[in-house]
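Please look through the sequence and the model below before reading on. The report that comes after them is meant for someone who is new to this structure.

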Amino acid sequence: MLISRRKQRILTIATYLILAGFTLYCLMPFLWMFVTSIKPDDQIRTLNPSFLVKQITFGHFDNVLNNSAFLTFFKNSLFIASVTTVAALLISIFAGYALSRFVRFKGVKLFGVAMMLSQMIPGVLLLIPLYLVMKNVSLINTYASLILAYTTFTVPLCTFMMKGFFDTIPYEMEESAEIDGASRVGIIFRILLPVSLPSLVSTSLFAFLNAWNEFMFGFVFINDESHRTLTPGVSLFKGLYQTDWGSMMAASVLSVLPIVLIFIFLQRFLVEGMTAGAVKG
Amino acid sequence: MLTLREKRARRIAIAFIVPALLFFLLLNAFPLGQVLWDSFQLKNLLNKAENGFAGLANYAEVVKAEYFMTALKNTVIWTVLSVAGEYALGLVSAIALNQNVIGRTIFRGIIIIPWVVPIVIAGMTWTWMLTPDYGILNIWMVKLGIIDQPYYWLGELNTALLTVVFVNIWRSFPFFTISLLAGLQSVSRDMIEAAAIDGAGVRRRFWHIVLPQLKTVSLTIIFIHIIWTAVNFDFIWVMTEGGPLHSSETLPIMIYRYAMQEYNFGQASALASMMLGFMVAGFVLYYFYATRKNRG
């Protein structure tokens, strides 16, 4: 017994109170977002707002989906984030493998340091030169500009995650395959990746999440409605809808949906990844 | 002399890192060099005639700019208050989660949620809750008697920045929670029990045994977050665009203004290079501190 029973009791109650407070603090905005999105306007613009919705309406969702470019933004984001994920994953499987198995070579070690450094360079410092580069090769207003930028920023993190997974797989497994005459690429795809499938999934979800949530580059590189991604698109609704908060919250709910899905799958890995510094703020 | 097998392995290793290396060189290293180079050049996209070597003129212009000192001060306030608030909330929530509670995984899951939503969405939802007309927080505060009438939190000179800080804390503290929780879980139970047997009370055990063991993880996350917060563009841009009257403008917002509104890439690069300088200085300090501590 580390403390008296009475004290233990008070502490337990305090702990639950604190956790309840945090729950409220963390969830309140989402709850309010959702409630606002399904309320009719006269219940949104009232001095007695309530969490109870007397009359559910999907008018705001209808407005966002049918009278705005929201679906275009959504599709663009989905496309860019998916391509980024695949590209980043392919590149980092190989890079991670090299970092895990070939660190004995000087060049590979140096490469590891470079990856580490690049993870620390903040995007805003690269904003200007990257914009100029994209402009010079006329990639402004294309999906490619964002895919290239996002891939660059996700590869280091994915590489380190893949390296971590490969490190846990014993080398003997590869050796026997090598003796049987399998190529290195064959070994990675036929033997290592099937073993580390959950890790592969979590790495790709991280890559997807980062690309989906990014705002600044999407805001600067894309100026035309048909290529715009979701985060800048939604932020521009603010000017478009003025005070139509119902529609804005409906757009928010729809943008958060894929994240909620990812979150449910990722929860377990998310904690590990965050501890490893995986999600950048 | 390498064996034939080693040689082959080296070739494979190089082939494997080339794609990632290309991305790094073309889109990280080269642009970074470009920023430094451009900071010494006259480069204005609106006035193409004005070009060539500028020496330190860009730096001088930036430092002399009317709102530079304001932006610098705002960046410090924004960073220090955000990180302090995040740490405090992170520590309290981590300690609570480290107790034997029912439904711990659920509580932990809920606490992580703010961290995974896009900043834009978080910013917009809070903006809605804080609006003077019909914003729920204003209405609640008036009802509770905290304020007399709805207040335009994001639109007034003296509260705009602090309000964004508040929302930023809400979004970023989960990272501290998770890291500190991992730290707390590695604190040895034996030591705590030994101290308890020696008669140390709950408070004493916390201050003298638990907290010191959190020192390394605390320093690391605080350091990382100082950088992440100082360079953050999204939050302030989405909520106030640096306004009203530059009262919530930080250095990243200023970089954006120079580049994308005035098209003065030279001065924008000078400002970015200065920030890079601050960052590198921070790294060096941190590195020396960390190595000295390891030796001692």
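What follows describes one chain, its interface with a partner chain, and a few single residues.

This is a predicted model, in which local features need pLDDT of at least 70, side-chain atom pairs count only at pLDDT 80 or more, and totals for chains, interfaces and linings use all residues. Residues are numbered from 1 along each chain as its sequence is written, chains are lettered from A and ligands numbered from 1 in the order in which they are written, and side-chain values use heavy atoms, with hydrogens and water left out.

Chain B holds 13 helices and 2 strands, where helices (H or I, at least four residues) and strands (E, at least two) are DSSP runs numbered from the N terminus. Its radius of gyration is 24 Å, well over the 19 Å that the globule rule gives for 296 residues, so chain B is more spread out than a compact globule; the radius is taken over C-alpha atoms, and the rule is 2.2 Å times the number of residues to the power 0.38. The table gathers further values for chain B.

| Property of chain B | Value |
|---|---|
| Span of the C-alpha trace along its principal axes | about 80 × 75 × 35 Å |
| Accessible surface | about 14300 Å² |
| Buried residues | 52% of the 296 residues |

Here accessible areas come from the Shrake-Rupley method with a 1.4 Å probe, and for residues only the protein chains shown count as cover. Buried means under 20% relative accessible area, exposed over 50%, and partly exposed in between (1.4 Å probe, protein chains only).

Between chain B and chain A an area of about 8700 Å² is buried, with carbon and sulfur atoms giving 80% of it; buried area is the accessible area (1.4 Å probe) that two parts lose on being put together, summed over both. Of the area that chain B buries against chain A, B:F16, B:M124 and B:W128 supply 10%, more than any other three residues. The contact, meaning heavy atoms within 4.5 Å, takes 96 residues from chain B and 92 residues from chain A.

The rule finds 2 salt bridges across this interface, a salt bridge being a side-chain nitrogen of Lys or Arg within 4 Å of a carboxyl oxygen of Asp or Glu. A:E178 forms a salt bridge with B:R5, and their closest N and O atoms are 3.2 Å apart.

On chain A, A:S252 lies in helix α13 (residues 245-275) and counts as buried, because its relative accessibility is 0%. Leaving aside residues up to four places away in sequence, A:S252 touches A:M33, B:I121 and B:M124.
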